Amino acid sequence: MADNTFTTRIIDITTGSTQTVYDLTEECAAFLRDVAAGRDGLLNVFTPHATAGLAVIETGAGSDHDLLAALGDLLPADDRWRHRHGTPGHGRDHVLPALVPPHATLPVVGGELELGTWQSVVLVDTNVDNPERKVRLSFLG
């Protein structure tokens, strides 16, 4: 039996100046191709930002836009927030990680991410003031 190994990499993501659901699935798969070598284990995805989160959802069929619309309903960009620097309503961006956490841990089987047919790993970013994000991918296997 091989010893467990831990490998990590930071990727830079440009989310731009609009709210976005950025699909990370291919970056996760590429990382695992480089480091997993056919092993089983866990992929942890983490973003070290106070105003972004990670989710596993369907993309490309409107669900990503639906997620942003639902977050807009739950966390409107208005003046109700006590945290008031940045663009109007920016305080809501600091509440986002309580609903869409900044981490996800996913199974890896045979060196590949075990996602359902329609599932994708995404970075959810409602903060239009910070277009540059970092995401840490870590494999334990």
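## Salt bridges and sheet of a predicted model

At 8% relative accessibility, Arg 92 counts as buried. This is a predicted model. The partner of Arg 92 is Asp 93, and their side chains form a salt bridge at 3.5 Å, N to O. Asp 93 is buried too, with a relative accessible area of 3%. Both values fall under the 20% cut-off for buried residues.

The structure holds six salt bridges. The table lists some of them.

| Salt bridge | Distance, N to O |
|---|---|
| Arg 9 and Asp 34 | 3.2 Å |
| Arg 80 and Asp 78 | 2.6 Å |
| Asp 93 and Arg 92 | 3.5 Å |

Arg 80 is exposed at 51% relative accessibility. Asp 78 is partly exposed at 25%.

The side chains of Arg 9 and Asp 34 also meet in a salt bridge. Arg 9 sits in strand 1 and Asp 34 in helix 1, so this pair ties together parts 25 residues apart in sequence. Arg 9 is partly exposed, at 32% relative accessible area. Asp 34 is exposed, at 54%.

Five strands form an open sheet in the order 1-8-3-5-6, with antiparallel pairing. Strand 1 (6-14) and strand 6 (112-113) are the edge strands, and each pairs on one side only. Strand 3 (residues 41-46) pairs with strand 8 (residues 132-140) over five bridges, in the antiparallel sense. Asn 44 stands opposite Ser 138 in strand 8.

Helix 1 (residues 25-35) lies across strands 1, 3, 5 (103-109), 6 and 8. Helix 1 runs at about 150° to strand 1.

Key: Residues are numbered from 1 along each chain as its sequence is written. This is a predicted model: local features need pLDDT of at least 70, side-chain atom pairs count only at pLDDT 80 or more; totals for chains, interfaces and linings use all residues. Side-chain values use heavy atoms; hydrogens and water are left out. Two strands pair if DSSP finds at least two bridges between them. Helices (H or I, at least four residues) and strands (E, at least two) are DSSP runs, numbered from the N terminus. Contact means heavy atoms within 4.5 Å. Axes are lines fitted to C-alpha atoms, for helices over the stretch in contact, and angles run from 0 to 180 degrees between N-to-C directions. A salt bridge is a side-chain nitrogen of Lys or Arg within 4 Å of a carboxyl oxygen of Asp or Glu. Buried means under 20% relative accessible area, exposed over 50%, partly exposed in between (1.4 Å probe, protein chains only).
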